[in-house]
Amino acid sequence: MKSTSSLSLIAGTVALAAVTGFAVLTAPGDGDTAEAATAARLPVERSTLLCPAPGLSELSETTYTSFTPAGDGAGEAGTAELTPTATSEITDGEGDKKDEKDEKKDDEKDKKKGDEKDGKKADAGKPVVALKEPGKPAVAEESGADTPALVGTATGRLAPGWTAQQTTMVEAGEGRGLLGVSCTVPDTDFWFPAASTAKSRQDYVHLTNPDDTAAVADIELYGPEGSLKSEVGEGITVPARSSVPVLISTLTSEAVDDVTVHVTTRTGRVGAVVRAADDKTGSDWLAASTTPTGTLVMPGIPDDATSVRLVAFAPGDDDADLKVKLLGKTGAITPAGNDGLHVKSQMTASLDLKDLTKGEPGSLLLTPEKDGKSTPIVAALRVVRGSGDKQEVAYIPATGPVGARGTVADNRSEGSVLSLTAPGAAATVKVTASAGSGGGEKVVKKYTVKGSTTLAVVPSAPSGLKGGYALTVETESGGPVHAARTLTVTQGGIKMFTVQTLPDDGGTVEVPEAVQDLSVLRD
């Protein structure tokens, strides 16, 4: 029979796991032994997401799409709302306000500060988008330079697998492009290969704090020769429920094409994402690479890519020697002349893969050169479509597998391509196109992905679609599958595009099976 103290410990651990998605329970035993409990998975009861401020362009039009897959949650209906943060300040790491491009005129900035007319600036605390039910997206639109960052929490049946997509169209001018990002989960450690401090780039790290107390973050930069010296990247304060964009090039005097950005927090937690803008190829969001590991997958390279650049970094004390393979429609191939990459410890390495897809969509696989010697790395791709003055850029970070389930929101009646990659054994996945935000019936299809291949499909839109919809991928059998969605919108003859990966949504948490029946805890 369990003691009252044991039951209290179990109940507390289950509650912590359900709310945070992480908890560890060690059952008390005799002496140094511990009683092992069989683990099961339960839906989380609370999720937090952070969306960065879209930017400073008056021409920007931003769509927010919030979605929770149907079927997992239990208990109360819950809520899922994204609300504005406090006013963002653009800093150079020391708190001095900076302009997004070559010190914009003061009168333009004054105009932005005063531009709260017509309800463009959201009221603090008032939700920008509120999700009402699982299985059906909620959509909201904002426009202009003063659109703030958003923070949000989902509870109850809306928490498991909650996702939100922020998609911004800037048709012309500085920072033009289709900028897409899956709103991030707060954390304490982020890696961003493929950033830059070059003069042609304007890259910002956006730090957003969801909590009621300030967070303190550090930003480290690494180039091909190692750490880029900087003192102003240390101790950056992010006020409670606020967002702070930091211009990367102001953190160092060195102009470097390929930079790896490392964001950590001393206190608190933040959401972090990089807004990368190039004079010639436009702009997009660069999401964090998956946790450093020896084998990485970057899915979803378009078939018409004209330039693909790999950027990798080894954060530990050991160098990494990597094999580079393209997983295409029929199998794995080694890019001519680019079969390997040597990454020195704590130095950024890059590889120009040019137009490696050559009309066939694919995914990049990095594996250790020698079996048995695996060095953790992070990596990302910079992908360009088009040529001349019609170029457009997007970024694909290394991502974890779909696992049980992954979701991406803001799919439209046309323009979406879903890439499914099986780096090992073949696998079968179920893909659900949700009901539309304004109406329509969901569509479910199954796909088999052969081992060492990439399957690119145009998803079937919901029947009778009105508005946007979400795509949910679930692994049914076989090996791991990595997935990405490419969204393309053509403007002025330019294929503006953005790529979002679909890692496991973390909608369930492992808890001891012995405490699944919590009725014993009621007394």
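This is a predicted model: local features need pLDDT of at least 70, side-chain atom pairs count only at pLDDT 80 or more; totals for chains, interfaces and linings use all residues.
Me: Why is glutamine 165 called buried?
Reply: Glutamine 165 has a relative accessible area of 1%, and buried means under 20%, so the residue is called buried.

Me: What makes the pair of glutamine 165 and threonine 167 a polar contact?
Reply: The side chains of glutamine 165 and threonine 167 come to 3.2 Å, and the cut-off for a pair of N or O atoms is within 3.5 Å, so the pair counts as a polar contact. Glutamine 165 itself belongs to strand E8, residues 163-170.

Me: Which residues is glutamine 165 in contact with, leaving aside its neighbours within four places in sequence?
Reply: Among them are Thr63, Tyr64, Thr65, Cys183, Asp410, Arg485 and Gln500, where contact means heavy atoms within 4.5 Å.

Me: How do you know that strand E19 pairs with strand E25?
Reply: Four bridges join E19 to E25, residues 362-368, and the two run antiparallel; since pairing needs at least two bridges, the strands therefore pair. One of the bridge partners is leucine 364 in E25, which stands against methionine 298.

Me: What makes strand E19 mostly covered?
Reply: Six of the six residues in E19, residues 296-301, are buried.

Me: Why are E33 and E37 called edge strands?
Reply: The open sheet has four strands in the order E33-E29-E36-E37, with antiparallel pairing. Strand E33 (453-457) and strand E37 (494-501) each pair on one side only, and the twist averages 20° from one strand to the next. Within this sheet, six bridges join E29 to E36, and serine 419 stands opposite alanine 484 in E36.

Conventions: Residues are numbered from 1 along each chain as its sequence is written. Side-chain values use heavy atoms; hydrogens and water are left out. Buried means under 20% relative accessible area, exposed over 50%, partly exposed in between (1.4 Å probe, protein chains only). A polar contact is a pair of N or O atoms within 3.5 Å; within protein, one must be able to donate a hydrogen and the other to accept it, and residues adjacent in sequence count only if both atoms are side-chain atoms. Axes are lines fitted to C-alpha atoms, for helices over the stretch in contact, and angles run from 0 to 180 degrees between N-to-C directions.
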